[in-house]
Amino acid sequence: MIRRLAALVLLLAAACGGPSVRELPREQSRYDALNITGLRGLRDARALLASGHAEEALVEISALRVEDPECVYLALWQQEAEISARGLESVWPGSGAGTPASSEQEAAMEQLRATWRARAESGGVVELVAAARLEQDPAAARALLERAAKLDPKCAWIPYARAFLAAQDDDWTAVQNELGRSVALDPAHLPTFWLEAWTLARGGDPQAASLALERWAERARGDPRIDEHLVQGAELDIAVLSVIVGEPKVAREWLDLLESELPGESRALCARACAEQALDHIDSALKLVRAAHEAAPNALLPLVQEALIWEHWKKDPQQAEEAWSAVLTAARSSPELGALFERLRARVVLDREAKAAAKPAPPEGAPDTP
């Protein structure tokens, strides 16, 4: 049924001329632009960072910031080098392993936040936007962005950051409003285009989302300003969207391309499991989600996927109940943004099963209830 509906959506979209996804201009604002020397320097610094030489990377990026003090990307990569030097997890979307931070790590991150708050006091728009990025308290982040807006209301990073915060709060009206402001200020802003594509997928327009993600990934791939995990995540999303619109073989092609970049990566295994499910290879899908769980024991997605397989494809209520219990246990301590939703979903399923088990059997010969 789902595949027939997906095919109908595609047919209707084709009849209407396809999804409306805006083009991404080439022009760059002063907050984004780097010349050839700056791009090469950032690429070299990131290579140092990737190889575990965070302090050396920090020296290189600090020097680049002297040459281009208004480039927001350089400030964000300076933060990433400082984060890595402290043994902390990246704060780029999709980069963290989802492992709860220790008290020592929390203290180190709070110290870094304090450092950037101090820089923001004597700095400008770039420092304020970067400081807001690290804030754990959304109200504190918004206060920093408000100060940045007073200094330069035309900086697209400010409404983009507000849209990101609104997405975390599940306020989708605010997300759309802020994205509209960011696009009006800078139609070429890459982070805004990425968040636009992500919201299209969330809003139930998989074909438009896939097209937008493809355009964004094509532009962002190989750009040293953009974290490669974000590009890989977009390509994984394209694979999953291909499954949703009834093209699992296309999903496989995307995943095959990503295989060398993400060997054994949990989310890639989950995406491949989605494709296998769509092709009715349920046992293969189950093996893949279990491998995904082994690759990332703290991630919720593999556990949820396994529970869904047992419930809807294998139709084994006992195994499904055990799997949803595992989801509930993991969600209680998970730092993932979706943990609350998954906890509620697991709780609903388990309560439903408990009520069904407690319900007395109807007397023999009684008619079924509607």
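Colleague: At what angle do helix α9 and helix α10 pack?

Modeller: In this predicted model, α9 (residues 172-185) and α10 (residues 190-202) pack at about 145 degrees, and their axes are 10 Å apart. Their crossing is left-handed.

Colleague: Which residues make that contact?

Modeller: From α9 come Trp-172, Val-175, Gln-176, Leu-179, Ser-182 and Val-183. From α10 come Thr-192, Leu-195, Glu-196, Trp-198, Thr-199 and Arg-202.

Colleague: How do these residues divide by class?

Modeller: The contact of α9 with α10 has 6 nonpolar, 4 polar and 2 charged residues. Trp, Val and Leu count as nonpolar, and Trp-172, Val-175 and Leu-179 are among the contact residues of α9. Glu and Arg count as charged, and α10 brings Glu-196 and Arg-202.

Colleague: Why is α5 called roughly antiparallel to α6?

Modeller: The axes of α5 (residues 103-122) and α6 (residues 125-134) come within 8 Å and cross at roughly 160 degrees. Angles over 145 count as roughly antiparallel, so α5 is roughly antiparallel to α6. The crossing of these two helices is left-handed.

Colleague: What does each helix bring to that contact?

Modeller: Helix α5 brings Leu-112, Arg-113, Trp-116, Arg-117, Arg-119 and Ala-120. They meet Glu-127, Leu-128, Ala-130, Ala-131 and Leu-134 of α6. By class, the contact has 7 nonpolar, no polar and 4 charged residues.

Colleague: How do you know the relative direction of α14 and α15?

Modeller: Again from the angle. The axes of α14 (residues 266-278) and α15 (residues 282-295) come within 8 Å and cross at roughly 170 degrees. The cut-off for roughly antiparallel is over 145, so α14 is roughly antiparallel to α15.

Colleague: What is the make-up of this contact by class?

Modeller: It has 10 nonpolar, 3 polar and 2 charged residues. Leu-269, Cys-270 and Ala-273 are among the residues of α14 that take part, and the residues of α15 include Ile-282, Leu-288 and Val-289.

Colleague: What makes Trp-157 and Tyr-160 an aromatic pair, and of which kind?

Modeller: Their ring centres are 5.9 Å apart, and rings pair if their centres lie within 6.5 Å. Their planes stand at 85 degrees, so the pair is edge-to-face; the cut-off for that is over 60 degrees. Both residues belong to α8 (residues 157-168), 3 residues apart, which means about one helical turn separates them. The whole structure has 6 aromatic pairs.

Colleague: How confident is the predictor in the protein?

Modeller: The mean pLDDT is 82, and 81% of the residues reach 70 or more. Among the elements, α6 has the highest mean (98) and α1 (residues 2-15) the lowest (30).

Colleague: Where does pLDDT stay under 50?

Modeller: Residues 1-19 are one such stretch, with 15 contacts beyond four places in sequence.

Terms used
Residues numbered from 1 in each chain as written. Predicted model: local features only at pLDDT ≥ 70, side-chain atom pairs only at ≥ 80, totals over all residues. Heavy atoms only, no water. Axes fitted to C-alpha atoms, helices over the stretch in contact; angles between N-to-C directions. Helix = DSSP H or I, 4+ residues; strand = E, 2+ residues; numbered from the N terminus. Parallel < 35°, antiparallel > 145°, perpendicular 65-115°, else oblique. Left-handed = near helix turned anticlockwise from the far one by under 90°. Contact = heavy atoms within 4.5 Å. pLDDT = per-residue confidence, 0-100. Phe/Tyr/Trp six-rings, centres within 6.5 Å; stacked < 30°, edge-to-face > 60°.
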